[in-house]
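This briefing is for a reader who has not seen the structure before. Please look over the sequence and the model shown here, then read the points that follow.

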Amino acid sequence: EYRRGLARRMGAAEALDPAAEDLRRAVLHRTEGRGADLVIDCSGQPRAFAQWVELSRRGGRIAVCGLGHGPAEFDLSRLVFFERQVMGVLGYRRDHQAVLGLMAAGRLDPSPFLGDPISLDRVVPDGFERLLSDPSAPLRIPIRPAATASA
């Protein structure tokens with residue numbers, strides 16, 4: 001729910017809840033039966049990949065951004081018969097300068113994605129463990145480096 005709310009605050013027209021509704025039915029309803037032009041998977045959930053394929057239209061594209069662990073199983077005929085395209089997307093490839101430029105120009109505000117800074121000695125309990133167990137955890141948690149002792 002947290003991430004769906006964040007998507008709406010950042011400008012998404014809709015953010016569907018896969019636990020509360022049939023995504024394929026919802027997408028087909030909203031696209032007059034065609035399916036999505038582009039499906040972007042940021043979850044990295046291999047078991048969900050077959051569903052992402054089914055959400056796309058004939059000739060549609062599926063962009064895989066999430067880094068999954070393990071193989072994905074799906075019927076290749078669902079790609080071939082419907083002429084769908086799958087592409088891997090790595091979001092860190094030579095993009096840092098452009099992103100920093102957008103932030104410096106005030107055109108990109110990262111604050112909705114950031115939590116409160118934590119100290120280096122709290123990285124495990126307030127950082128990693130929180131991200132693993134708290135669905136409402138921010139997408140990124142800044143870390144304050146520990147003060148260095150003077151020599």
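**The sheet**

Strand 2 (residues 56-64) pairs with strand 3 in the parallel sense, over four bridges. The model is a predicted one.

- Three strands make up an open sheet, in the order 1-2-3 and with parallel pairing.
- From one strand to the next, the twist averages 15°.

**Helix 2**

- At the start of helix 2, a side-chain oxygen of aspartate 22 comes to within 3.0 Å of the backbone nitrogen of arginine 24.
- Leu23, Ala26 and Val27 are the buried residues of helix 2.
- Viewed down the axis of helix 2, these buried residues fall within an arc of 95°, so they line one face of the helix.
- An α-helix has 3.6 residues a turn, so residues three or four places apart point the same way.
- The buried residues of helix 2 pack against strand 1 and helix 3 (49-55).
- Arg25 and His29, on the other side of helix 2, are exposed.
- After helix 2 comes glutamate 32, with a positive phi near 55°.

**The nonpolar core**

- In soluble globular proteins, nonpolar side chains tend to be buried together.
- Eleven residues form the largest nonpolar core here: Leu23, Val27, Ala36, Val39, Ala48, Phe49, Trp52, Val53, Leu55, Ile62 and Leu79.
- Helix 2, strand 1 and helix 3 are the elements that give two or more residues to this core.
- Helix 3 supplies the largest share of the core, four residues.
- Leaving aside residues up to four places away in sequence, tryptophan 52 touches Leu23, Val39, Asp41, Ser43 and Ile62.
- Among these contacts of tryptophan 52, Leu23, Val39 and Ile62 also belong to the largest nonpolar core.

- Most residues other than glycine have a negative phi, and most peptide bonds are trans.
- Glutamate 32 has a phi near 55°, which is positive although the residue is not glycine.
- Glutamate 32 sits in the loop between helix 2 (23-30) and strand 1 (36-41).
- With 69% relative accessibility, glutamate 32 counts as exposed, because the cut-off for exposed is over 50%.
- Glutamate 83 also has a positive phi in a residue other than glycine, near 50°.
- The loop that holds glutamate 83 runs between helix 4 (77-80) and strand 3 (85-88).
- Glutamate 83 has a relative accessible area of 55% and is exposed.

**Glutamate 14**

- Glutamate 14 is found in the loop between helix 1 (2-9) and helix 2.
- The relative accessible area of glutamate 14 is 46%, so this residue is partly exposed.
- A polar contact of 2.5 Å links the side chain of glutamate 14 to that of arginine 30.
- Glutamate 14 and arginine 4 are ten residues apart in sequence, and their C-alpha atoms are 8.4 Å apart in space.

Notes: Residues numbered from 1 in each chain as written. Predicted model: local features only at pLDDT ≥ 70, side-chain atom pairs only at ≥ 80, totals over all residues. Heavy atoms only, no water. Buried < 20%, exposed > 50% of the residue type's maximum accessible area, 1.4 Å probe, protein only. Arc of directions from axis to C-beta. Contact = heavy atoms within 4.5 Å. Polar contact = N/O pair within 3.5 Å; in protein donor to acceptor, adjacent residues only side chain to side chain. Pairing = 2+ DSSP bridges. Axes fitted to C-alpha atoms, helices over the stretch in contact; angles between N-to-C directions. Core = buried A, V, L, I, M, F, W, Y, C linked by side-chain atoms within 4.5 Å.
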